[in-house]
Amino acid sequence: MKTSAPDTHDDLRDALRSLCAAFPPEYHRRHGAEGTYPVEFIDALTEAGWMAAMIPEAFGGSGLGLTEASIVMEEINRAGGNAGHCHGQMYNMGTLLRHGSDAQKERYLPCIASGKLRLQSMAVTEPTTGTDTTKLKTTAVRKGDTYVVNGQKVWISRVQHSDLMILLARTTPLAEVARKSDGLSVFLLELDGLIGRGMEVKPIANMVGHETNELFFDDLEIPADTLIGEEGKGFRYILDGLNAERTLIAAECIGDGYWFIDRAVAYAGEREVFGRPIGQNQGVQFPLARAFTNIEAANLMRFEACRRFDAMEPAGAQANMAKLLAADASWEAANACMQTFGGFGFAQDYDIERKFRETRLYQVAPISTNLILSYVAEHVLGLPRSF
Ligand SMILES: Cc1cc2nc3c(=O)[nH]c(=O)nc-3n(C[C@H](O)[C@H](O)[C@H](O)COP(=O)(O)OP(=O)(O)OC[C@H]3O[C@@H](n4cnc5c(N)ncnc54)[C@H](O)[C@@H]3O)c2cc1C
């Protein structure tokens, strides 16, 4: 199905489609059901260079932008997979590339590009403060050549399949800063050896078989040169990563949306009830037509968010709006597809129920629908702050 968005990436899409075709639905279904990590699939993406898409050529990467990275994510989901297993490497790159020191880039980027290291994790969310990020309680206190970290994080994904993790912690107490977003700092941690030396990882069993964890920090000492950029300015740095993350998730939702529509249209054309294909009934057609229309519209906003991010223009509004529109459209498509399949939508062998659960996540993470609406109301429409 040809989409309306301006897109000149046929070669990129063809390459991804051929890689993804080697991992049929049964592969993703098995990992989804068993809650295991699709190691072979991520290895194949790494070997083909896609996990290094956004790393500049000078450091051994492909030097592509968020636009291309988002197409990689979209194609994985469109092929029936789940890019949630690897999207962290793409959006975390925004923080390191834009705010890391030359020494940090030289040390890590070539290794990430070659696949020797993975930067798949970002630890922001905390159990007691949730979306109210500036109130987070994890602290990093300078002590000589180190920082000492104490606190707790929750829902931190891919820690067990990453070598590096971005950590957001408070370095100046909230009571001592002029603005609540000041005094937070970003660190780039090498995870090897930290477990049992002040950091504990506790996996969280969950609805989508996602590798995600609780983290506990108890006097964890990390070298001071793990700090990214200036101390206390971390919230601003992490926003670049968050805008990239929202745009990539939008692309994944678009991929899911097209997957649901493709499957539903094919099934509606072949399933005969009352002596005719069910897709001949407008009651079946209209929900699919409406969901498809909304996916197409969301896709335009996704490419605008990518364009702005790649042009180094402010992209917060478009990244948030793209994520909202795309998550709603994929959820609408998921429901329309489930309804079209009737009882068979619930059978695991059709993959609809798995993808239905996977795409539902994006109403909540990485930012919930209400919080995006609140961002648009306050930052785009100029309405008074509600919190
Ligand atoms: C599978 C999974 C993977 C994740 N991976 C990561 C990760 O790798 N790293 C990371 O840092 N985090 C991760 N997260 C966390 C995710 O970003 C948060 O769950 C999400 O931002 C919502 O935060 P919360 O769960 O604390 O909800 P809360 O902030 O507790 O909010 C709960 C509900 O209340 C609503 N709400 C809260 N305040 C308001 C308000 N003022 N007005 C209206 N509605 C409001 C929210 O919209 C939401 O629906 C992950 C989560 C999941 C489920």
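For the residue classes used below, Ala, Val, Leu, Ile, Met, Phe, Trp, Tyr, Cys and Pro count as nonpolar, Asp, Glu, Lys and Arg as charged, and the others, Gly among them, as polar. The model is predicted: local features need pLDDT of at least 70, side-chain atom pairs count only at pLDDT 80 or more, and totals for chains, interfaces and linings use all residues. Residues are numbered from 1 along each chain as its sequence is written.

The domain assignment divides the protein chain into domain 1 (10-118), domain 2 (120-232) and domain 3 (236-380), with bounds that come from an automatic or database domain assignment. Between the C-alpha centres of domain 1 and domain 3 the distance is 21 Å. Their contact involves 27 residues of domain 1 and 25 residues of domain 3, two residues being in contact if their C-beta atoms, placed from the backbone, lie within 7 Å. On the side of domain 1 that touches domain 3, two or more residues each come from α2 (25-34), α4 (66-78) and α5 (87-99); helices (H or I, at least four residues) and strands (E, at least two) are DSSP runs, numbered from the N terminus. The most is given by α4, with 11 residues. By class, this side of domain 1 comprises 10 nonpolar, 12 polar and 5 charged residues.

The ligand is surrounded by 22 residues, of which V124, G130, T131, W155 and S368 are the closest; a residue is near a molecule or strand if its C-beta atom, placed from the backbone, lies within 6 Å of it. At least two residues of this shell are supplied by each of β1 (119-123), β3 (146-157) and α11 (369-380). The shell contains 12 nonpolar and 10 polar residues, and no charged residues. Because domain 2 (120-232) and domain 3 (236-380) both give residues to the shell, the ligand lies between them.

The record assigns "Acyl-CoA dehydrogenase/oxidase C-terminal" to residues 232-365. Here the chain is 75% helix and 3% strand, with 25 Å between the end C-alpha atoms.

Helix α7 (residues 234-270) includes L239. The helix has 37 residues and reaches 54 Å from its first C-alpha to its last, close to the expected 54 Å at 1.5 Å a residue, where the expected span is 1.5 Å times one less than the number of residues. Of the 37 residues of α7, 30 are buried, and the helix is mostly covered. A residue is buried if 20 or more other C-beta atoms lie within 10 Å of its own, exposed if 12 or fewer, and partly exposed in between, with C-beta atoms placed from the backbone. L239 has 16 C-beta neighbours inside 10 Å and therefore counts as partly exposed. The C-alpha atom of L239 is separated by 9.2 Å from that of G94, 145 residues apart along the chain.

The 26 residues of α9 should span 38 Å at 1.5 Å a residue, which agrees with the 37 Å between its end C-alpha atoms. As 20 of these 26 residues are buried, α9 is largely enclosed by the rest of the structure. G342, with a positive phi near 55°, follows α9.

Several loop residues were also examined. Most residues other than glycine have a negative phi, and most peptide bonds are trans. M312, in the loop between α8 (282-310) and α9 (316-341), has a positive phi near 60°; with 9 C-beta neighbours inside 10 Å, M312 counts as exposed. D351, in the loop between α9 and α10, has a positive phi near 70° and, with 19 C-beta neighbours inside 10 Å, counts as partly exposed. A365 and P366 are joined by a cis peptide bond, with omega about -5°, and P366 lies in the loop between α10 (352-360) and α11. A58, in the loop between α3 (39-47) and α4, has 11 C-beta neighbours inside 10 Å and so counts as exposed. The C-alpha atoms of A58 and L109 are separated by 9.5 Å, the two residues being 51 residues apart along the chain.

Definitions and conventions. UniProt positions renumbered as here; feature names shortened; annotations may be inferred.
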